[in-house]
Amino acid sequence: MKDKLTILALTLMTVFLLSNTCSAADLNDMTREIANDANNALNISNSDDTLLITNAGSSRYANKTTEESVQVIMNTVPSIKYSKILQLNRPYDDPTFIFAVKNNRGYYAKKYTVLQSGALSVTPALYIGPDMTETQFQKAKSAFGFDTLTLLSAWAAGAPHDMLKVAAWTGSVNPGLIGAYSSSKNFMANYPLKSNTESYHVITSAGGGDDDVPMFFMDSTPLKWSSYGKETYYNFRSAYTDDPAENIYIWWNADSKTGNMLYWTLPARFNRQLTGKLSELKENAELIALLNTNPAALYKVLKSTVISYDDLMHLWNSGIDRDYIANIKGASAPWINYSVIPENDYNAMYRKGVEAVQMANDALKAAGMLPLGKGDLVITSAGYSQLSGLSAAAIDGIASASGIEFKDIYSLKRGAQTPLWFVFVKRPVNNDGPLYAVFIDENGNLKPVVYQGVSYNVFDISAKNLEGEKGTAGYEKSLAVAEAYGYNIPQYADQDYYIVSLANQWAVGMPYDFMLSAIGGGCPGSGLTQGYLLATVIQRLLPLSGDQYYIYIGIPAHCKEQALMEVLGLSAGRGNYFTTGTRTSSDPNALGIAIRWDPAKNTGKAVLFHYDKNIINSIQPASNSYYKTMYWALWYIKYAFPGKEAYEIASSAFSIAKSATLTFREYTSLLAAGDPVTYIMEFTDITPPEVQVRISDSTLYMDINEDGRVFYSPDGKTWMEYLVPVRLDKKTTTIYYYAVDAAGNRLGIQKLTVEPSTVPGHNVETGPSATVEPSTVPGHNVETGPSEGGRGLVSTSGAVRQTSEGRGDLVSALDGKPQSKVDTVIYAILTLLVILGGVGLYVKRSKFSDIKRTLEHGHHGK
């Protein structure tokens, strides 16, 4: 045994030394090759219009975030600008780049996927136009996946850019999303926010594709609330009902304690889930056309009424209570059908961006500083503000005029009614500043910070300069910044806080995936950083494999939610994020329920997390500064994020209070429970496990659907625990088996007859049905065709995955004794490592030639 381990250690050392020469190819170099190939294949530079769909930024390659690859593409193909990019929220997929063009031949797209090995997967350039034939559709669906194809098809059908932006984050375009686009825009037009005592509140039935829309346009998210005196009004609740298209939108006036409520769903003729057909893409195109001609036809108003304080409280506590809603006696709320497509003057908005840069540079020059350039930062409402129409083009102008790069463009999620503004920040020499900023308002005017009677067009907003409790210079400077940068309609906009906190977190190098949550609606303070920590804990305790994905129930909901959604790939529209929408829980230590769902087994491992504030308070530094939670966030980023010195102790504040394996029925009961925390704490597993059994090529494969053990016997007398695939003897005619789950529930002895025909190439499968029906899987969205790796999506593509297949040595059914596991593992590792070491140098040298050959062979014409 010792000799074997010595040999293994020496081999490991040798291969480790060699592996330094054969690491995965540099992503930026690969992306440059990809961009050149796409430009040649699709003639992007000469196209009438172009689009890039990518998960770069949220996805990882070689355990690093991938945002720089987007800048490489923009540099290589200048016609691909910021406003032409849609970022997918798919953190667990390999980096993917889908280029699409419109030219005189129609609409075409081509997909590139960079595998973690450094290999490259490339599709042909395929037609994606509105007049796709069935043959063209099947090719495109196979290449891009149906969900991504809905995005491409909607773009070709003329969908507005702001709708596509939501769809990219949610994952697909469907009737629910299109209906929510129309209803939310109409709702805001009927009931605009005019003061900081007015606010929006949303209750949805998660999973219909519609739920994320109000987060983007109404800035109604799970982590925000308004407080007036003793009253607190929360913003977003995602529940579970039998109609995933149900929504309640509320405009609330805290002064009068009354509001206007719109209760709506989809018209019956398209209130259904997509199943992956060409006809559904054509229906999407028809619905998109209605956005221009008859947007009111895209949703069905169930009730529009004035509501009272008691009505609001009841609905927030109970969710979508149909009986209660039917009996609300308030007056009918006025309702006018408005146009919902925003103005889109690209050139005018582009000039606004260029002019903002010129004005900022003039201010910097007057202060004796260099003009804006690569490495500097812009924080802006452009991309979300729609008071003057679609505004993403302003960012194109900024990038062109300043050289500010993609990773340093912070398009901050704001409500569509927010004014357009820009804040430019110079890269500091040191992480702690100075951090010089210039604010330009919606009218294109400099907005100075007035401190001690002096106006400063350029002001140091570094944490170091603003630090201090009441009565100090730092506190007074903070008040001056708040006065200049502040905008509080609605109250939770907290514009000055977002600007100051984001700029300082940028200066200390916050991780890009965390930054996405900070600009994506999350309040960039200590709560958001704790959410990032919790996400890493969930990943560590509930690692994903195969097609598994995360589901999360936010109880209570606060600033952590946005980090969880970004890092774990969650979305209410996708049907894998739920929240009770309050900051309280029946268990004061509860933090939320994370579920790792396995669609192959149709079960989920649920974990209720507890939070120990005492641990955090013991290590988190005190702060009495005006922007105090920003200082806590900076501490987390510098000292307590993964890889930092305080990470282990900070993450130990999160613990498992209760875990359970849930069947689909138990999972839906959890969602329907008035108090999910109590449901989990009182949950008792009384459901016997299920076992999938398959015989293929004279080998027995068995898979239990939850934590537990499986036992088998060829004669019903001598029992062995199933650990690895079992080689069956020709004389074996029957297999007996039973299983026991972690809770002690027992599946009784089952009998499987081994037919003589089970020879290599012939399969026998028994156990639960291998087909997964959409109605029995978490979430309402259904994806068909090749898996795109979308963790919140459900595949209906066929047989249940046998996770036990290929787990090492085989067992003979004659004696039930496996080969020596140690021997088998050691020799297998030795063989693999020698092969890896031997080809290491060759892989390194041939990597790019392989990539180029892949790209060359990827051209199959249009």
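**Helices, sheets and local backbone features of the predicted model**

Strand 30 (residues 708-713) and strand 33 (residues 734-741) are joined by six bridges and pair in the antiparallel sense; strands here are DSSP runs (E, at least two residues) and helices are DSSP runs of H or I (at least four residues), numbered from the N terminus. Two strands are taken to pair if DSSP finds at least two bridges between them. Within this pair, S713 has Y736 of strand 33 as its bridge partner. The structure is a predicted model, in which local features need pLDDT of at least 70, side-chain atom pairs count only at pLDDT 80 or more, and totals for chains, interfaces and linings use all residues. Residues are numbered from 1 along each chain as its sequence is written, and side-chain values use heavy atoms, with hydrogens and water left out.

In general, strands of a sheet pair through backbone hydrogen bonds, either parallel or antiparallel.

A further open sheet has five strands in the order 17-16-18-19-22, and its pairing is mixed. Its edges are formed by strand 17 (409-411) and strand 22 (459-460), each of which pairs on one side only. Strand 18 (residues 422-425) runs antiparallel to strand 19 (residues 436-440), and four bridges join them. Opposite V425 stands A437 of strand 19. The loop between strand 18 and strand 19 contains P434, which is joined to G433 by a cis peptide bond with omega of about 0°.

Strand 23 (residues 549-554) is largely enclosed by the rest of the structure, because six of its six residues are buried. Buried denotes a relative accessible area under 20%, exposed over 50%, and partly exposed the range in between (1.4 Å probe, protein chains only). Y549, I551 and I553 point one way from strand 23, whereas Y550, Y552 and G554 point the other way. Strand 23 pairs with strand 25 (residues 590-598) in the antiparallel sense over five bridges, with W597 as the bridge partner of Y549. Strand 23 also runs parallel to strand 24 (residues 577-579), to which three bridges join it; here I553 stands opposite F578. A cis peptide bond with omega of about -5° joins I555 and P556, and P556 is placed in the loop between strand 23 and helix 19 (560-568).

Helix 9 (residues 278-293) has 16 residues and should span 22 Å at 1.5 Å a residue, which agrees with the 23 Å between its end C-alpha atoms; the expected span is 1.5 Å times one less than the number of residues. The buried residues of helix 9 include L278, L281, N284, L287 and L291. Among the elements that cover the buried residues are helix 4 (134-144) and helix 7 (175-190).

Two residues have a positive phi although neither is a glycine: N43, at about 55°, and S698, at about 65°. N43 is located in the loop between helix 2 (27-42) and strand 1 (49-54) and is partly exposed, with a relative accessible area of 36%. S698 occupies the loop between strand 28 (691-696) and strand 29 (699-704) and is partly exposed at 21% relative accessibility.

Methods:
Contact = heavy atoms within 4.5 Å.
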